[in-house]
Amino acid sequence: MKLGTSNFFERAKMLEVVEKTWNEFWAYYYRIEHRHNIPGIFDWDKNLVDFIETVCELKPSARVLDLACGGGDQAKLLSAKGYRVTGIDIAPCLVEFAKDIFAKEGLSGEFLVGDMRKIGYDSEFDACTLLSGSFGFFGDAEDLELLKSIRRSLVPGGYAFVMYLSPGARSNLTGRKVRSWCEMKDGWDLFENWFDEETKMYRGRTFIIRRDGTMIVPKSQPGYHADESIRCYSVEELKAMLNESDLEYIGNYSSKDFSRPKSRGPSASASDILLARRPIAGTACG
Ligand SMILES: C[S@@+](CC[C@H](N)C(=O)[O-])C[C@H]1O[C@@H](n2cnc3c(N)ncnc32)[C@H](O)[C@@H]1O
């Protein structure tokens with residue numbers, strides 16, 4: 001029998017629910033198993049890293065700080081190009097995964113478990129990346145502090161490459177929950193997404209129906225990114241935040257074609273790219 005999306009969600013209510021923490025289960029499942037199952041994702045990573053290399057004007061053996069690095073999918077490509085990568089993620093299992101891959105592939109890089117809000121680098125990196133929509137997790141005040149820490153981590157002239165969720169790309173989710181699913185090896189991943197126009201928050205829930213009849217749901221934990229709740233900033237808001245962080249706005253790009261600055265108007269990309277730079281003769285910033 002072919003199941004429609006609503007049948008799935010109705011059936012899901014009857015299953016035994018098992019809660020799993022972000023690190024024990026979700027981080028690995030969602031950022032590795034699920035991500036690696038997305039058609040074309042490795043080509044996308046490759047194009048993304050080529051684009052980072054170009055727009056951040058990376059010189060040979062440049063130092064790159066990859067915040068919220070996940071399982072190191074992009075860090076691996078940066079390292080293979082000869083850049084010195086430091087990856088930080090809050091999920092220990094993802095950091096372990098990245099370290100294992102680097103060891104297996106003979107790559108060099110440093111991976112640390114940590115909260116990106118607590119980095120304390122001072123003028124060390126030629127570029128800092130936050131990839132795949134990893135900006136907007138913490139609320140306006142803390143997101144601004146994060147930009148300030150990124151600015152401090154950069155050498156003068158160093159680049160911040162930040163992928164964020166644009167409100168334009170999410171407006172089709174306003175006022176309704178959009179449900180979708182995909183089949184995986186052990187069952188089905190179900191997604192429920194919506195956009196809160198008032199708070200400009202993109203919200204998302206993911207859960208899994210296993211073939212054994214259980215339903216896996218994320219356990220709420222402070223500080224972990226389990227259910228998605230991400231602030232979608234407009235370019236104007238981001239520019240104001242850059243101004244407060246003493247970062248110079250360079251451009252806004254689409255994460256769909258990696259080719260050129262976006263034209264004005266609502267974005268068609270789910271996650272967009274903000275490129276900024278620490279001024280060469282910058283002023284001291286908090
Ligand atoms: C959207 S994923 C992106 C992962 C990776 N950059 C990629 O493109 O595959 C967001 C990542 O942020 C991490 N994360 C969430 N909160 C964090 C925090 N406070 N500090 C560091 N990493 C965090 C999650 O563990 C997850 O790996």
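**Close-up views of a predicted model**

View 1. An oxygen atom of the ligand lies 2.4 Å from an N or O atom in the side chain of serine 132. A polar contact is a pair of N or O atoms within 3.5 Å; within protein, one must be able to donate a hydrogen and the other to accept it, and residues adjacent in sequence count only if both atoms are side-chain atoms. This is a predicted model, in which local features need pLDDT of at least 70 and side-chain atom pairs count only at pLDDT 80 or more, while totals for chains, interfaces and linings use all residues. Residues are numbered from 1 along each chain as its sequence is written, and side-chain values use heavy atoms, with hydrogens and water left out. A nitrogen atom of the ligand is 2.9 Å from a backbone N or O atom of methionine 116. For isoleucine 90, a polar backbone atom is 3.2 Å from a nitrogen atom of the ligand. The ligand is surrounded by 21 residues, each with a heavy atom within 4 Å of it; among the closest are Ala68, Gln74 and Asp89.

**View 2. Helices H2 and H5.** Helix H2 (residues 22-36) packs with helix H5 (residues 92-104) at an angle of about 45°, their axes 8 Å apart. Helices (H or I, at least four residues) and strands (E, at least two) are DSSP runs, numbered from the N terminus. Axes are lines fitted to C-alpha atoms, for helices over the stretch in contact, and angles run from 0 to 180 degrees between N-to-C directions. H2 and H5 are therefore oblique to each other; angles under 35 degrees count as roughly parallel, over 145 as roughly antiparallel, 65 to 115 as roughly perpendicular and the rest as oblique.

**View 3. Strands S12 and S13.** S12 pairs with strand S13 (residues 271-277) in the antiparallel sense over 6 bridges; pairing requires at least two bridges found by DSSP. Glycine 251 has leucine 275 in S13 as its bridge partner.
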